[in-house]
Amino acid sequence: MKFASATTILALSLGLISCSTESKADAASVRPTKERKKAPEFKLKDADGKVVSLAEYKGKAVLLNFWATWCGPCKVEIPWFVEFEQKFKDKGFAVLGVAMDEEGWEVIKPYITDKKVNYRILAGDDSTAQLYGGVDSLPTTFLIDKNGMIAGVHVGLVSKSEYEKDILALLGTPAGK
Amino acid sequence: MKKTSLLCSALLLASSCFAQSINALTVDPPQKVLIERGKSVSFKIHAKIAPGYHVNSNKPNEDYLIPLRMTLAAEPLVLEILKYPAGHDEKYTFSEKPLNVLTGDFDILVTIKAPEKIEPQMHVLLGKLRYQACSDKACLTPKTLEVRVTADVR
């Protein structure tokens, strides 16, 4: 028997789960407000060395993406996130990337520069990953509502349209609007 | 009881849904090799990759990928050969070009030599096998497995 990772268990305990291979075409993955749990607070440094906390994003819907430069599936999603940041940033939305590369900025900076990443990237650490269930599998993406509550989790690569539906649901806008 | 089985079912569903496992690669238990002073001996380190996963080979085609890599502290014996398995090219939805990967079972071939003047006794050689595994949808964080080989020098 395979054991689910701690992230999966966390997601289950939060009642937040979505399957990357069996996503529903028309339904957002976000859960009802009353079923949401608070997103763990963390402080990490961005590319300029500035300490960034999740609390700074209260009032915004946040797509919190754990990724790494060695993770192929993560790289598929990054151009989508660049597009989402551009498209929804004025509507109370932000993408926050947490890079889990052990080598740190030495490998993260060249990559995000090359890909013209327009959202904030933070250098992740094990303690932050543990707060979010270990994040053993990448990409792992948490959808956090404007009140700082986790509304959904995607473990593994999901479709761009699924993310877009989730974001629109978080922003309280029906799909297609 | 009902709650417990519901939780177990949910966990099973989640683990299969995400094809997520903590240990995508396992190495056979420690092995013992006999070696005569002044001679060499070859042995295989056998590993098994969980179904649905692949591990980057030692030469995975893309610079950004973390290759399979093994180190073996052989002293006072001498490490003569450490040969990685040849991977095969496979295309994944997340990669533009085929990646050189390993799936299923594989062996790493090791040859060590016992110097003429070494003491005839047991020597424990400690190895570290670093790998990075992915499915077609997600990648597990890089992991390092410890490998122990006991060399009985006679």
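This is a predicted model: local features need pLDDT of at least 70, side-chain atom pairs count only at pLDDT 80 or more; totals for chains, interfaces and linings use all residues.

Tutor: Chain B has 154 residues, and 32% of them count as buried. Among its contacts with a separation of 6 or more, 73% are between residues 24 or more positions apart.

Start with the open sheet. Four strands of chain B make it up, in the order 1-3-9-6, and their pairing is antiparallel. Its edges are strand 1 (25-27) and strand 6 (78-83) of chain B, each of which pairs on one side only. From one strand to the next, the twist averages 25°.

Strand 6 of chain B runs antiparallel to strand 9 (residues 105-113) of chain B, and five bridges join the two. Within strand 9 of chain B, B:V110 is the residue opposite B:L82. In a regular strand, side chains alternate between the two faces of the sheet.

Next, consider strand 10 (residues 122-131) of chain B, which pairs in the antiparallel sense with strand 5 (residues 69-73) of chain B over five bridges. Here B:M70 has B:L129, in strand 10 of chain B, as its bridge partner. Strand 10 of chain B also pairs with strand 13 (residues 143-153) of chain B, again in the antiparallel sense, over ten bridges. In that strand 13 of chain B, B:E146 stands opposite B:K128.

Now the loop residue. B:F94 lies between strand 7 (88-90) and strand 8 (99-102) of chain B, in the loop that links them. Is B:F94 buried, exposed or partly exposed? B:F94 counts as partly exposed because it has 19 C-beta neighbours inside 10 Å, while a buried residue needs 20 or more.

Two further points place B:F94. Within chain B, its C-alpha atom is separated by 7.7 Å from that of B:K137, a residue 43 residues apart from it along the chain. Which residues are in contact with B:F94, leaving aside its neighbours within four places in sequence? They are A:G72, A:P73, A:K75, A:V76 and A:L157.

Methods: Residues are numbered from 1 along each chain as its sequence is written. Chains are lettered from A and ligands numbered from 1 in the order in which they are written. A residue is buried if 20 or more other C-beta atoms lie within 10 Å of its own, exposed if 12 or fewer, and partly exposed in between; C-beta atoms are placed from the backbone. Two residues are in contact if their C-beta atoms, placed from the backbone, lie within 7 Å. Two strands pair if DSSP finds at least two bridges between them. Axes are lines fitted to C-alpha atoms, for helices over the stretch in contact, and angles run from 0 to 180 degrees between N-to-C directions.
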